[in-house]
Amino acid sequence: MPELPEVEIVKLSLKKTIKSKKILKVKVNNRNLRFKIQKDFEALLKRRKIIDVNRKAKYLIIILDDNKYLIMHFGMSGTLHLLKKEFDFKNTNLSFYKGQNFPSKHNHIELFFDKFKIVYNDPRRFGFVKFLNSKKELVKFLKNFGIEPLEKKFNIKYLKKILNNKNKNIKNILLDQKYISGIGNIYANEILFFSKINPNKLGKKINISEMKKLLVFSKKVLRKAIKKGGSTIRDFKNAEGTKGSFQDEFKVYNKDGFRCPNSLCAKFIKKITISNRSSFYCPDCQK
Ligand SMILES: [Zn+2]
């Protein structure tokens, strides 16, 4: 599942190509994504100019002219592809999962520009693409999302506010988008390992020095993942060519049974399930 770093990489690579370009044609091959694509979607997008590309948490936001917006969420298996006319729309080259082979199936939405097209592909269809009519709609859509770890407002004061008196475990708090947006399961596991905090520890038990570690490592882990081109895992196993390489740096994620990466520790990484999600941690290093 693409998380914040992967969507950030899509944003950066997409922005370079589509900014200031005009959508000439829209083709919807399958309207049944997580939310049904609205009837007038094609008409609403046609002839619109791309003003900019932005991101909030795991949502990609394409800013269109006249205060209209296109929001994309990649769900479990969504990918975006950029195909150039000069290569007969055959090669795809966008973002962390970029491979030269363009998938032949599950290409649900196609946006045509002058010299290229972008295609939304999603075999499992948990993702969605949604047109928003105004800035007001955008603000409303994003209002339930908490602060992002990469924002300045993500500080000790904010952490205190969301952790104090919480009878919920820290792993679930990190994953709860209304408190902190953009941390997914992989990165939550890694952040807790670096911060030396047990995933089952309750929010109210996290002390100031642990909060400081959470702050530092949330930013560090996400920044490093962006730099490494994100993580190429399960859903992207078919990708060829340039893949993200952050998966090579996982300390605990998917490492159950392996020795703890802390050289002073002789324990093995343990896997447990918290709220139906796999959690990986070192029982000795993470208290
Ligand atoms: Zn350890």
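User: What geometry does the site of the zinc ion have, judging by the angles among its four donor atoms?

Analyst: Start with the ideal: four tetrahedral donors would sit at angles of 109.5 degrees. Four donors count as tetrahedral if all angles lie between 85 and 135 degrees. Here the angles among the four donor atoms run from 107 to 113°, and the site is tetrahedral. Please keep in mind that this is a predicted model, where local features need pLDDT of at least 70, side-chain atom pairs count only at pLDDT 80 or more, and totals for chains, interfaces and linings use all residues. Residues are numbered from 1 along each chain as its sequence is written, and side-chain values use heavy atoms, with hydrogens and water left out.

User: Which residues coordinate the zinc ion, and how are they spaced in sequence?

Analyst: Donors are N, O and S atoms within 2.8 Å of the metal (3.2 Å for Na, K and Ca); water is not among the atoms, so sites may look incomplete. In this model the SG atoms of Cys260, Cys265, Cys282 and Cys285 coordinate the zinc ion at 2.2 to 2.4 Å. Their spacing in sequence is C-x4-C-x16-C-x2-C. Cys265 lies in the loop between H7 and E9 and Cys285 in the segment after E10, so this pair ties together parts that are 20 residues apart in sequence.

User: Are Cys265 and Cys285 buried or exposed?

Analyst: Buried means under 20% relative accessible area, exposed over 50%, and partly exposed in between (1.4 Å probe, protein chains only). Cys265 and Cys285 are both buried.

User: How do I check the span of helix H7?

Analyst: Helices (H or I, at least four residues) and strands (E, at least two) are DSSP runs, numbered from the N terminus. The expected span of a helix is 1.5 Å times one less than its number of residues. For H7, residues 208-227, the 20 residues should span 28 Å, and the end C-alpha atoms are 29 Å apart, which agrees. At the start of H7, a side-chain oxygen of Asn207 comes to within 3.2 Å of the backbone nitrogen of Ser209. After H7 comes Gly229, with a positive phi near 80°.

User: What do the buried residues of H7 pack against?

Analyst: Their partners are helices H1 (4-18), H4 (156-163), H5 (170-175) and H6 (185-194). The buried residues of H7 include Met211, Leu214, Phe217 and Ile226.

User: How many residues of H1 are buried?

Analyst: In H1, 12 of the 15 residues are buried, so H1 is largely enclosed by the rest of the structure. Among them are Leu4, Val7, Leu14 and Ile18. The cover over the buried residues of H1 includes strands E2 (50-56), E3 (59-64), E5 and E7 (116-121), along with H6 and H7.

User: Which residues does Arg48 contact, and where is Arg48 found?

Analyst: Contact means heavy atoms within 4.5 Å. Leaving aside neighbours within four places in sequence, Arg48 contacts Lys21, Lys22, Ile23, Leu64, Asp65, Asp66, Lys68 and Phe131. Arg48 is found in the loop between helix H2 (41-45) and E2, and is buried at 15% relative accessible area. The Arg48 side chain also reaches the backbone oxygen of Leu44 at 2.9 Å.

User: What is phi of His106, and what is phi of Asn276?

Analyst: Most residues other than glycine have a negative phi. His106 has a positive phi near 65°, and Asn276 a positive phi of about 65°. His106 sits in the loop between strands E5 (79-84) and E6 (107-112) and is partly exposed at 35%. Asn276, in the loop between E9 (270-274) and E10 (277-281), is exposed at 78%.

Technical notes: Polar contact = N/O pair within 3.5 Å; in protein donor to acceptor, adjacent residues only side chain to side chain. Tetrahedral: all angles 85-135°; square planar, octahedral: opposite > 155°, others 65-115°.
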